[in-house]
Amino acid sequence: MMESTQKKDIYILAIESSCDETAASVVKNGREVLSNIISSQIDLHTLYGGVVPEIASRKHIEKINQVIEQALEQAGMTLKEVDAIAVTYGPGLVGALLVGVSAAKALAFAAQKPLIGVHHIEGHISANFIENKELEPPFVCLVVSGGHSHLVVVKDYGEYEIIGRTRDDAAGEAFDKVARAIGLGYPGGPKIDKLSKEGNPDAIHFPRAKVEDNAYDFSFSGLKSAVLNYLNSCQMKGETVNRADVAASFQKAVIDVLVEHGIHAVQQYGLNKFAIAGGVASNSSLRAAFEKECTKRNIAFYHPSPIFCTDNAAMIGVAGYYEYLKGVRHGYDLNAVPNLRLGERI
Ligand code: KG4
Ligand code: ZN
């Protein structure tokens with residue numbers, strides 16, 4: 001008798017390969033991560049100072065089956081037992097995306113399971129649901145990664161309104177470029193985060209860009225140029241550069257803008273919940289700054305653990321679960337869409 005009223009558990013096998021991480025995960029009921037396998041290619045790409053698309057695709061092909069097998073094994077499940085297969089189909093590097101999409105299609109066909117294509121950014125946003133069991137839309141989310149800087153109103157599961165975006169470089173891209181300029185190597189974000197702790201964030205005043213016609217848009221290329229100009233002028237004057245001060249002052253300039261825009265948005269939209277997502281969201285000073293400003297204004301602040309901020313498949317499993325509930329199903333003609341827009345369904 002009891003069983004008829006109990007909801008069936010839903011298990012999603014998720015696959016992510018949009019950039020330089022080959023990842024697979026099993027997620028139960030959209031909020032419980034049973035496995036989260038990530039094979040990172042960072043060491044390979046460090047040699048070249050950034051992600052080399054061709055190398056990324058080849059490495060994904062080598063790793064994907066192994067990563068999927070491990071994800072199932074760690075979750076104690078077989079392919080037969082999962083309810084659906086979710087996969088990132090955009091945006092990202094086309095060759096890299098294709099590896100995950102092809103693997104997902106093959107598995108869905110072989111096991112006769114529903115196939116669900118997931119937007120990568122939707123995944124990043126959904127990472128917040130993993131550890132914050134009480135979090136429900138609506139809320140405002142700042143997505144800051146190597147390829148994206150979006151300010152998004154999450155109206156409901158799978159329903160988004162992008163209110164701000166970068167006009168040029170993504171936040172993570174600015175971190176990576178400045179890190180390279182001060183000789184820290186790739187990926188720059190975590191290195192700047194660490195070095196900043198030894199520097200003075202007020203040592204050098206770098207610009208905080210305002211975008212004329214949209215208060216929520218970002219621009220980071222002027223800041224990046226200002227850092228490069230500062231480094232050049234020090235070199236010309238024969239002055240030694242305090243790298244920790246440069247890192248801390250640059251980081252403060254990025255954070256000031258992100259916090260100002262984020263708080264402004266959550267207040268203007270009359271919401272009291274704010275979340276951050278994406279690789280840059282693992283930045284310790286960024287988290288501390290949002291924590292402080294949100295607490296001051298009685299806004300609940302949410303962020304995923306660092307492992308769920310950078311690329312992973314668990315976040316794709318979470319987003320895939322809510323798509324599954326909505327009845328979203330893709331056919332075997334699902335393709336990689338490198339410039340897929342948030343909210344767009346193909
Ligand atoms: O989300 P992600 O793994 O990949 C994309 O979808 O782009 O983000 C990677 C980006 C890189 O630019 C990296 O430098 C940045 O996130 N990042 C950080 C930190 N950890 C990673 N940026 C600032 N502080 C960090 N601690
Ligand atoms: Zn990402």
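**View 1. Domain centres and the contacts between domains.** The centres of domain 1 and domain 2, taken over C-alpha atoms, are separated by 28 Å. Domain 1 covers 2-127 + 312-325 and domain 2 covers 138-303, with bounds from an automatic or database domain assignment. In domain 1, 16 residues are in contact with 16 residues of domain 2, where contact means heavy atoms within 4.5 Å. This is a predicted model, in which local features need pLDDT of at least 70, side-chain atom pairs count only at pLDDT 80 or more, and totals for chains, interfaces and linings use all residues. Residues are numbered from 1 along each chain as its sequence is written, chains are lettered from A and ligands numbered from 1 in the order in which they are written, and side-chain values use heavy atoms, with hydrogens and water left out.

View 2. The protein chain has 13 helices and ten strands; helices (H or I, at least four residues) and strands (E, at least two) are DSSP runs, numbered from the N terminus. The C-alpha trace spans about 75 × 45 × 35 Å along its principal axes. Of the contacts in the protein chain with a separation of 6 or more, 72% are between residues 24 or more positions apart.

View 3. The accessible surface of the protein chain is about 15300 Å², and 51% of it belongs to carbon and sulfur atoms; areas come from the Shrake-Rupley method with a 1.4 Å probe, and for residues only the protein chains shown count as cover. Buried residues make up 54% of the 346 residues, with buried meaning under 20% relative accessible area, exposed over 50% and partly exposed in between (1.4 Å probe, protein chains only). There are 34 positive and 40 negative side chains, and the centres of the two sets lie 1 Å apart. Lys and Arg count as positive and Asp and Glu as negative, while His and the chain ends are not counted; each charge is placed at NZ of Lys, CZ of Arg, CG of Asp or CD of Glu.

**View 4. Surroundings of cysteine 19.** Cysteine 19 is in the loop between β1 (11-16) and β2 (21-28). Cysteine 19 counts as partly exposed because its relative accessibility is 24%. Leaving out residues up to four places away in sequence, cysteine 19 touches Val51, Ala56, His60, Leu93, Ala96 and Asp311. Asparagine 312 is 293 residues from cysteine 19 in sequence, but the C-alpha to C-alpha distance is 10 Å.

**View 5. Two cis peptide bonds.** Proline 137 and proline 138 are joined by a cis peptide bond with omega of about 5°. Proline 138 lies in the loop between α6 (128-131) and β6 (139-144). The bond from tyrosine 186 to proline 187 is also cis, with omega near -10°. Proline 187 is in the loop between α7 (171-181) and α8 (188-196).

**View 6. Asparagines with positive phi.** Asparagine 29, in the loop between β2 and β3 (32-40), has phi near 50°. With 27% relative accessibility, asparagine 29 counts as partly exposed. Asparagine 298 has a positive phi of about 65° and lies in the loop between α11 (284-296) and β10 (300-302). Asparagine 298 counts as exposed, at 69% relative accessibility.
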